[in-house]
Amino acid sequence: MIENVSSANLISLLIEYEQITREEIRTSTEPSEMIKLKVLGSKSKLSELTRALSKLPKEDRSRVGLVVNQVKTSIESELSKKNTEPVQSRNTFDPTMPGIRPPVGHLHIVSQAIMEITRIFERIGFIRVRHPEVDWDWYAFESLNMPLHHPARDEWETFFIKSQVPNSKSQKNTKHAKFDKMVLTPHTSNGQVREMEKRKLPIRMINIAKCYRRQIDVSHTPMFHQFEGLYVDKNVSIAHLKGVMDFFFTHFYGPGRISRIRPFHFQFTEPSFEIDVSCGACAGGGCRLCKDGWLELGGAGMVHPNVLKAGGIDPEIYSGFAFGWGIERTYMMKSGTSLDDVRLLYSNDVRFLEQF
Ligand code: FA5
């Protein structure tokens, strides 16, 4: 309650209130109804100043009352200005401020490796192809010189699928007369005979796909990726295989990295090899990572005549080479990538994946 106030004092209090209140309205972020209640309502300072009019000498009341009305009108006009302003133009929004960028992801390292590997082979005429990831036993094993019950099949630790044979009268028939059962492809070699069946020679395919095996430990995952190269033409020799390997290694691993082939055994290649790449950490001199200067990459070989025959190609006229390697392993062997557990690639932990 304002006591003992003179007319002059009340006028200056009113003018001061008007200025402060207008500024407050301009900068406030509160809803306008709330501000209105605060600055013009019955509990506002303006109401208190208005009530003080009754304490003034009678002859001054109408003069000071005029000022009260002017202050009220001025505040109301400031309030109505705020109501009609578009929200964005209020002082609280600065369009020149830099925005907040949402986090942007990137391709998974396996996808990056697939793109890089594809580009390298495309430069020497290989074409990226795709074949079924759920395929018949025939393409995954039998046509690759691995008859039913052959012990070599055990190495592929395969998932077999119960699926109905197309055009079969019995719903229970899950075994095709020629193709046998369906499998989740344990390797990309199922693409070899499928590619030959297209009857387009020469073949220069690079088949990249998901593969599945009943395995899980630091160097194995139940789902992984392989890339399979197949070259079939007249007079293809081991020298061509070696040349393609060296081309790939220098472009994927860097200049100076070379390949080595060692005798091995696969049912579908003869002769068969294991391919090693010279170690990037010690440049082939021998170190903790490689021991003897070489890192083991995967299998390759000259296509077995029985496989060419299964694909309808005459092995007397044509020959070819094939190789099939794990994308994960090939990528992990790149210099500077010290991954010691392949399972991390599929853990979906963004903190891990963001590093690549
Ligand atoms: C094969 O799968 C043959 N098909 C390769 C081949 C093709 C040989 C053409 C000759 C001619 P192998 O079982 O060794 O071979 O597998 C090849 C590569 O796949 C391995 O070196 C490894 O890098 C990768 N690999 C195999 N199993 C797994 C797994 N469970 N997890 C991750 N990578 C795997």
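1. Ile206 sits in strand S5 of this predicted model; strands are DSSP E runs of at least two residues and helices H or I runs of at least four, both numbered from the N terminus. With a relative accessible area of 0%, Ile206 is buried (buried is under 20% relative accessible area, exposed over 50%, partly exposed in between, with a 1.4 Å probe and protein chains only). Leaving aside neighbours within four places in sequence, Ile206 is in contact with Phe121, Phe126, Ile127, Arg128, Val129, Phe227, Glu228, Gly229 and Phe323, contact meaning heavy atoms within 4.5 Å. His220 is 14 residues from Ile206 along the chain, and their C-alpha atoms are separated by 23 Å.

2. On conventions: the model is predicted, so local features need pLDDT of at least 70 and side-chain atom pairs count only at pLDDT 80 or more, while totals for chains, interfaces and linings use all residues. Residues are numbered from 1 along each chain as its sequence is written, and side-chain values use heavy atoms, with hydrogens and water left out.

3. Glu195 is placed in helix H7. Its relative accessibility is 10%, so Glu195 counts as buried. Outside the four places in sequence on either side, Glu195 is in contact with Val129, His131, Ile203, Met205 and Leu230.

4. Next, the aromatic residues. A search of the whole structure finds 25 aromatic pairs; rings of Phe, Tyr and Trp (its six-membered ring) pair if their centres lie within 6.5 Å, and planes under 30 degrees apart count as stacked, over 60 as edge-to-face and the rest as tilted. Phe248 and Trp325 form a tilted pair, at 6.1 Å centre to centre and 40° between the planes. Phe248 belongs to helix H8 and Trp325 to strand S10 (residues 319–326), so the pair ties together parts 77 residues apart in sequence. Both Phe248 and Trp325 are buried. Ring pairs link Phe121, Phe126, Phe227, Tyr231, Phe248, Phe249, Phe252, Tyr253, Phe321, Phe323 and Trp325 into a cluster.

5. Two packed helices are described by the angle between their axes and the distance between the axes. Helices H5 (residues 109–122) and H8 (residues 238–252) pack at about 135°, with axes 10 Å apart; axes are lines fitted to C-alpha atoms, for helices over the stretch in contact, and angles run from 0 to 180 degrees between N-to-C directions. H5 and H8 are therefore oblique to each other (under 35 degrees is roughly parallel, over 145 roughly antiparallel, 65 to 115 roughly perpendicular and the rest oblique). Glu116, Ile117, Ile120 and Phe121 of H5 make the contact with Val244, Phe247, Phe248, His251 and Phe252 of H8. By class, this contact has seven nonpolar, one polar and one charged residues; Ala, Val, Leu, Ile, Met, Phe, Trp, Tyr, Cys and Pro count as nonpolar, Asp, Glu, Lys and Arg as charged, and the others, Gly among them, as polar.

6. Helix H2 (residues 32–40) packs on helix H4 (residues 58–84) at about 170°, with the axes 11 Å apart. H2 and H4 are therefore roughly antiparallel. On the H2 side are Ser32, Ile35, Lys36, Val39 and Leu40, which meet Lys72, Ile75, Glu76, Leu79, Lys82 and Asn83 in H4. The residues of this contact divide into five nonpolar, two polar and four charged.

7. The axes of helix H1 (residues 7–27) and H2 cross at roughly 170° and come within 11 Å. H1 is thus roughly antiparallel to H2. Tyr17, Thr21, Glu24 and Ile25 of H1 and Ile35, Lys38 and Val39 of H2 make the contact, with four nonpolar, one polar and two charged residues.

8. Backbone points to check. Most residues other than glycine have a negative phi, and most peptide bonds are trans. A cis peptide bond joins Leu201 and Pro202, with omega about 0°; Pro202 is in the loop between helix H7 (190–196) and strand S5 (203–212). Another cis bond joins Glu270 and Pro271, with omega about -5°, and Pro271 is in strand S8 (residues 269–278).

9. Glu157 has a positive phi near 35° and lies in the loop between helix H6 (137–140) and strand S3 (159–161). Its relative accessibility is 30%, so Glu157 counts as partly exposed. Asn235 has a positive phi of about 60° and is in the loop between strand S6 (223–233) and H8. At 69% relative accessibility, Asn235 counts as exposed.
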